[in-house]
Amino acid sequence: MPSEPALRCRGLRVDYGDVPAVCDLDLDVGPGEIVALLGPSGSGKSTLLHAVAGLVAPSAGEIWLAGRRVAAASASEPPERRDIGTVFQNFALWPHLDVLDTVAYPMRRAGRSRPRARADATAILDLLGLGQLAHRRPAELSGGEQQRVGLARALARNAGLYLLDEPTAHLDAHLRAAFLGEVRARQRDSGAAVLYATHDATEALALADRVALLDGGRLLQVGTPSQVYDEPVSAAAAALTGPVSVLSARVGPAGDALLAVEIGDASDTVAGRASGPPHTRQVLLRPEWTSVGGPFQGRVEAAWFRGSHVDYEVRSPAGRILVRETDAPRRAAGETIPWGIRRIWLLPDEAAEPQPSAAVAPG
Amino acid sequence: MPGRARALGAERLAIGVVLLAVAALVVVPIARLAKASTDASVGRVLRSPGISTAAWHTVLVAVVVTAVAVPLGAAMALLLRRPELPARRTLRVAVVLPLVVPQFVLGYSWTEAYARAGFTDSVLGIHWDGLIGPVGVIVVLAVNAVPVGYLLATAGLVTRAQPELERAARASGATAWTALRTVTLPVLRPALAAAGVLTFVATLESFAVPQVLGTPAGFSTLTTRIYADLSLGSDPASFTDAVTLALGLVLIAALVLVPADVVLAPRLRAERSGQPAGPAQRQRRTWRSYAAAATLGGYVLLVALLPLLALVAASITRAVGLPPTSGNWTLANFRAVLNGTTTGALRHSLELAVAAATLLVVLGALSAVLERRRSGRLLATAATLTFVIPGSTLAVAVLIAYGRWFDGTLTLILVAYLAKLWALAHRPISGALDRFPTAEWQAARASGAAPPTAVRTIWLPALAPALLGAWVLTFVTALHEVTMSSLLYSTRSQTLAVVVLNSQELGDVGPTAALSVLLTALLLAAVLPAWAVAHACNRWRAPRQEVAGAL
């Protein structure tokens with residue numbers, strides 16, 4: 001029997017004043033699934049999470065939690081009656097409560113006695129390795145500790161769905177990794193679903209079962225990390241998940257499951273299929289789908305050394321392209337280098353025109 | 001390096017000026033008062049029955065007013081925080097109105113509105129006898145004090161209670177009510193406690209309202225006793241009385257302030273600089289938001305607008321007791337009061353207020369800057385301490401210290417104003433310096449501005465609202481002032497507020513009302529342009545607190 005999704009949003013719209021912050025949004029989060037909400041700041045991630053948590057009322061659309069409708073245009077259930085735990089971006093720890101009482105707070109609200117709530121809070125703190133901080137106040141905690149206390153407080157709700165609103169935005173890189181490990185481990189233990197907002201593509205792709213790309217309050221694409229990375233629906237969607245070059249090139253079939261890509265006077269073949277006669281199309285190239293050496297020639301405009309590899313910004317007749325070499329930088333700006341392609345992603349022909357309604361439904 | 005030497009010289013000069021001012025305005029008067037009290041037969045005075053009654057009344061009024069006004073002010077702050085409240089911007093201004101109106105005018109306007117032969121009596125036949133007496137004193141003082149609680153709670157909500165904290169409580173399963181009880185109010189506690197202390201001390205030293213509403217019913221407080229002793233009594237015994245009462249007043253204030261300061265100061269200092277609050281979402285307007293707005297509007301109407309209208313009506317009505325209809329209108333009251341005495345008093349008031357405000361902005365700026373240097377911190381604290389010394393006490397102290405040279409001159413009143421209001425000028429400027437980010441200063445220096453240029457181009461524009469706010473605040477307070485000037489004035493140095501008070505004591509209803517209207521109009525004429533300027537500045541920076549404090 002297929003169980004109900006932990007979260008289902010249908011036609012969701014939230015307005016701030018006259019500006020829609022979230023618009024026409026359909027999204028499902030399955031039971032036990034981690035969905036990352038990836039988008040730049042101002043794209044509506046926090047608004048969506050606040051609407052799901054019940055902190056803002058949607059102006060249109062519906063929200064369902066585990067098969068129960070909690071928000072519609074007519075009425076919105078208050079946050080305390082939703083089975084949700086939330087981790088806030090700015091930690092939002094209460095300055096007048098120590099760590100133990102902070103974590104005990106949701107349990108007190110659930111009706112447990114003070115001693116009982118404190119005992120249960122201690123168990124959660126020990127699980128997260130925060131036991132020794134139990135009697136500190138937020139002002140006496142480091143950023144990483146504050147955010148782990150925030151996570152502990154959310155876990156104390158023992159909910160079916162957890163919302164994490166850019167929880168690592170204020171953390172250093174090493175704390176970020178530790179925090180993500182913690183989230184993963186807790187999610188495996190509890191089997192709860194997670195909706196995780198972030199503007200960091202690496203974090204979203206590494207952590208999530210599925211990634212939802214959000215821009216300007218609308219979903220651009222929802223899919224597995226490799227789907228959204230390798231098969232983006234638009235150049236905008238591709239740019240959200242990592243560096244990408246967009247070029248106009250003449251592409252046509254070149255025999256069995258092969259494509260010919262013409263740039264200037266030269267051409268190269270890659271695996272792939274295309275219908276119709278050769279014509280000029282929008283081609284997406286991830287830097288790692290290219291290499292130094294190949295049929296094309298281009299002038300190096302800049303070289304970006306990234307440690308494990310170097311990206312050359314190369315000028316070609318089809319546009320600027322990032323060409324990757326897994327080596328130390330050996331070419332300088334101004335040199336002409338040969339380059340080739342191993343793989344491409346063709347944008348659908350109609351996507352050349354801006355068509356926001358072409359967003360792909362989840363599934 | 002000459003520049004460094006010059007800076008050091010300027011600092012020494014500033015310290016010298018502040019040192020001299022603190023000595024002259026604070027140390028000498030208080031020392032003289034203490035000495036005078038040892039000479040006086042304190043024991044005899046304390047045993048006289050009227051004194052303990054007055055002290056008991058003073059404490060009772062202060063306790064009840066604090067207990068009523070602070071929760072009301074906090075409730076208003078919480079209501080007016082909600083963006084969906086109808087007419088929110090107007091209401092935010094309106095609820096501060098009872099603080100802008102001088103205490104004397106507020107008290108007197110209530111009698112014109114609600115007492116026997118007042119507005120409601122002549123229109124509806126309803127009047128409130130309890131208004132003249134302890135209950136009336138408490139109610140009107142509470143109405144006057146509510147905006148203090150409102151302003152401090154609002155400031156506390158802005159700096160301490162970010163919306164995230166309440167959201168976190170709601171997301172943890174708390175109902176709106178539980179979130180208020182377990183998160184918002186505890187977080188606001190230091191701000192509310194500070195509001196309580198401030199209200200308590202301000203009520204202790206309040207004079208005009210007990211004088212207008214209490215004295216006619218035989219209800220005396222320490223401040224009205226001091227006034228009676230100094231203004232009406234002429235024998236040495238009544239002067240001794242006044243000295244002792246003045247000391248008693250400051251002792252009661254100290255009993256509350258010292259422990260409060262020990263407990264509160266570290267908490268208020270540990271205030272986190274709030275993270276920027278996200279945009280507040282406009283919730284849907286329900287019948288509740290309309291009901292809340294209507295309640296607030298009705299409150300302002302009842303406690304301030306209606307009394308002020310009654311006051312205006314009384315000022316243009318031919319005789320007491322006539323219904324306020326157009327047939328009975330006259331400008332005779334205004335013509336009667338616009339004589340040599342009034343215009344002279346008006347000139348005195350304006351001269352005093354301008355001189356006090358201008359000197360105080362300089363002193364306040366000096367003490368605010370010195371507060372940030374190790375050498376001047378103690379001095380700055382001493383300068384601002386006098387704010388909590390009750391006005392009556394300070395007036396008696398100034399009279400003892402300087403009376404023999406300046407008795408009955410405007411200078412004597414000016415000295416008292418400078419001593420009393422220094423903190424009022426110091427605080428907005430100090431607050432603006434606190435919020436002034438060092439980075440902006442460093443960026444100016446790094447962009448090639450020498451210190452004088454950086455002061456002119458970066459500091460002054462940024463501090464201008466605070467300086468203006470400090471000026472307006474002290475100017476308005478000096479115009480309000482009646483406690484000290486009523487003790488220190490002579491026929492040569494009457495202020496407008498004193499003229500109004502005397503007129504009321506003579507029982508001239510029409511002329512008193514006319515004078516009160518004039519005084520209020522003068523205040524509004526000073527406050528409204530400042531308000532407009534403050535709003536213009538807000539768009540570009542956020543010095544709201546400084547100027548909001550002024551209003």
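Colleague: In E16(A), which residue is the bridge partner of A:Trp304?
Modeller: Helices (H or I, at least four residues) and strands (E, at least two) are DSSP runs, numbered from the N terminus. Two strands pair if DSSP finds at least two bridges between them. E15(A) and strand E16 (residues 310–316) of chain A run antiparallel and are joined by six bridges. In E16(A), A:Trp304 is bridged to A:Asp311.

Colleague: From which number are the residues of each chain numbered?
Modeller: This is a predicted model, in which local features need pLDDT of at least 70, side-chain atom pairs count only at pLDDT 80 or more, and totals for chains, interfaces and linings use all residues. In the order in which they are written, chains are lettered from A and ligands numbered from 1, while residues are numbered along each chain, as its sequence is written, from 1.

Colleague: Which residue in the hairpin of E15(A) and E16(A) takes a positive phi?
Modeller: Four residues lie between the two strands of this hairpin. The positive phi, near 95°, belongs to A:Gly307.

Colleague: Is A:Leu205 buried, partly exposed or exposed?
Modeller: A residue is buried if 20 or more other C-beta atoms, placed from the backbone, lie within 10 Å of its own, exposed if 12 or fewer do, and partly exposed in between. A:Leu205 lies in helix H6 (residues 201–207) of chain A. Because A:Leu205 has 18 C-beta neighbours inside 10 Å, it counts as partly exposed.

Colleague: Which residues does A:Leu205 touch, not counting those up to four places away in sequence?
Modeller: Two residues are in contact if their C-beta atoms, placed from the backbone, lie within 7 Å. A:Val56 is 149 residues from A:Leu205 along the chain, and their C-alpha atoms are separated by 28 Å. With that limit on sequence, A:Leu205 touches A:Val211, A:Pro225, A:Tyr229 and A:Thr241.

Colleague: Which helix supplies the largest share of the side of chain B that touches chain A?
Modeller: The contact takes 24 residues from chain A and 22 residues from chain B. Helix H9 (163–171) and helix H10 (176–204) of chain B each supply at least two residues of the chain B side. The largest share, six residues, comes from H9(B).

Colleague: At roughly what angle do the axes of helices H16 and H21 of chain B cross?
Modeller: Axes are lines fitted to C-alpha atoms, for helices over the stretch in contact, and angles between N-to-C directions run from 0 to 180 degrees. Among the residues making the contact are B:Leu360 of H16(B) and B:Trp471 of H21(B). The axes of H16 (residues 340–370) and H21 (residues 451–480) of chain B come within 8 Å and cross at roughly 145°.
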